[in-house]
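Have a go at each task before reading its solution.

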Amino acid sequence: MKEKLGLSYLPDLWQAHAVQRLLLGFDAMVVAATGLGKLLIFEGTAALAGPGKLVIVVCPLKALEVDQVQQACAKGLDALAINEDTDKSTSTWEHIRTRANLVYMSPEMSRSASFTQKLWKDAKFRKRVAAFTVDEAHCIDEWGEDDFRPAYRLLGDVRRFLGLDVPFCAVTATCLKQPSWSQIHRTLHFGNRPFWGIDVGADRHNLFFHTRVLENAKNPVLDALNILPVKLETMTAPGDVPKCLFYFESPAACRAAVDILRQVLPAHLRNCVYAFTGMNTAKSKAKCWEGLANGSIRIVCATDAAGMGCSIPDVEFTVVFGTPSSLSVLLQRWGRAGRARSSVGVCLLFVPPWAVRPELRPAVPATQKNKRAEEPKRDVKARAGLDPLLEGFINIAALPGKLLNSCCLHYLTRYLRHKLSARVCA
């Protein structure tokens, strides 16, 4: 893998084992924290599968497809993405059918009439497929249940074209023990052929987690201004502003945050702030990631359109405003920070006051039981609507049990791994 992909480092053993198992024909499931290098599984399999072979990767976002294609091409692979921006080109379909060794697509594209007619029904193309892989496989559970992305729950139908000779692989950083694992297993029809899996773990010891109560509900970004340099003047260089990803729940909130930050920053730094939402054009999104990578852009205010796949190695702060839909979504956003193993990332979550359980008040007299402070019923109802695992994480210090329970890493490991390692417990 190192030689074929021109790597400057040796792949980890779990990456090599995963590639080896796929090449041997095993179905596979890989759970590894964001930033640990899951892309090498796709790229390594494509590089070593042999002449004329192809690896298919299902991706949830076009921005992720573009990013991964660029990384694969930089390693010497013949990679491309097929989506609504590229599927009108006859040459693109012919490229995939005959020459490409790595292709990225959405679950909807894998089930489209165009793909079925032009490729799935082509016996020569089917013989080229060395592996069918699903990146960010937790989307099968989180996005496939309702009308949002139902194609995720139907990915197993691809086996009707590929049969049982082609291995399927699911890769994710945030597969909760239940029910995500069971849903992925059912959807991809695991268990009908040789299977291999590995849980590398959710440990990111270079990340620091902190949850705070939001004080400026009207303009949330004001709570994070202390991230900026203490002195902002004409001599302040762009590099003095740390690279940050700020996550908001709506495009309007992103634009409002960009406006506020540009008012705070000196005139020569105002173009260092950029908005990234699903409403951006493909050209605008590419400009944003390119700017963040080369340092001309320092702060990106984003929706979940940038929640997965951003592989910029030197993002220092990832800040989430509000309450994400699940703990998995929070970890995906936080996972954008500190992706270079030698770097340190700070992950902040600003939540509304109602998301925090009221403190226990000492009873008077002391012989009586302690009571929680009274709170409005609407706050209790709102907190009850949170994802239970997210609510527990927000209120981790209030959880019953030993002091160990108040450790963020222990909490995440408890729900993301089947068995704690001695190193983590220590």
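The exercises below go from the whole protein to its sheets, cores and single residues.

This is a predicted model, in which local features need pLDDT of at least 70 and side-chain atom pairs count only at pLDDT 80 or more, while totals for chains, interfaces and linings use all residues. Residues are numbered from 1 along each chain as its sequence is written, and side-chain values use heavy atoms, with hydrogens and water left out.

**Exercise 1. The whole protein**

Task: Find how many helices and strands the protein has, and what share of its residues is buried.

Solution: 
- Step 1. Count the elements: there are 18 helices and 15 strands. Both are DSSP runs numbered from the N terminus, helices being H or I of at least four residues and strands E of at least two.
- Step 2. Turn to burial: of the 426 residues, 54% are buried. Buried stands for under 20% relative accessible area, exposed for over 50%, and partly exposed for what lies in between, with a 1.4 Å probe and protein chains only.
- Step 3. Look at the contacts, meaning heavy atoms within 4.5 Å. Among contacts with a separation of 6 or more, 72% join residues 24 or more positions apart.

**Exercise 2. The sheet of seven strands**

Task: Work out the strand order of the open sheet of 7 strands, and which strands stand at its edges.

Solution: 
- Step 1. Walk across the sheet: the order is β3-β4-β2-β5-β6-β1-β7, with parallel pairing. Two strands count as paired if DSSP finds at least two bridges between them.
- Step 2. Find the ends: β3 (79-81) and β7 each have a single partner strand, so one side of each has no neighbour in the sheet.
- Step 3. Zoom in on β2 (residues 54-58): 5 of its 5 residues are buried, so the strand is largely enclosed by the rest of the structure. L54, I56 and V58 lie on one side, V55 and V57 on the other, and both faces are covered.
- Step 4. Check the partners of β2. It is joined to β5 by 5 bridges and to β4 (residues 102-105) by 4 bridges. V55 has A131 as its bridge partner in β5 and stands opposite L102 in β4.

**Exercise 3. The cores**

Task: Name the residues with the most contacts inside the largest nonpolar core.

Solution: 
- Step 1. Start from the definition: a nonpolar core is a set of buried Ala, Val, Leu, Ile, Met, Phe, Trp, Tyr and Cys residues joined through side-chain atoms within 4.5 Å.
- Step 2. The largest such core has 69 residues, and L102 and F132 have the most contacts inside it. Helix α3 gives the largest share, 6 residues.
- Step 3. Apart from it lies another core, of 34 residues, including L207 and L349.
- Step 4. Follow F132: leaving out residues up to four places away in sequence, its contacts include I56, V58, W120 and F168. F168 is also the bridge partner of F132 in β6.

**Exercise 4. One side of a helix**

Task: Which residues of α2 (residues 13-23) are buried, and why do they count as being on the same side?

Solution: 
- Step 1. The buried residues in α2 are W14, Q15, A18, V19 and L22.
- Step 2. They cover an arc of only 135° around the axis, which puts them on the same side of α2. The arc is taken from the directions from the helix axis to the C-beta atoms.
- Step 3. Their cover includes β1 (27-32), α3 (39-48), β6 (168-172) and β7 (195-201).
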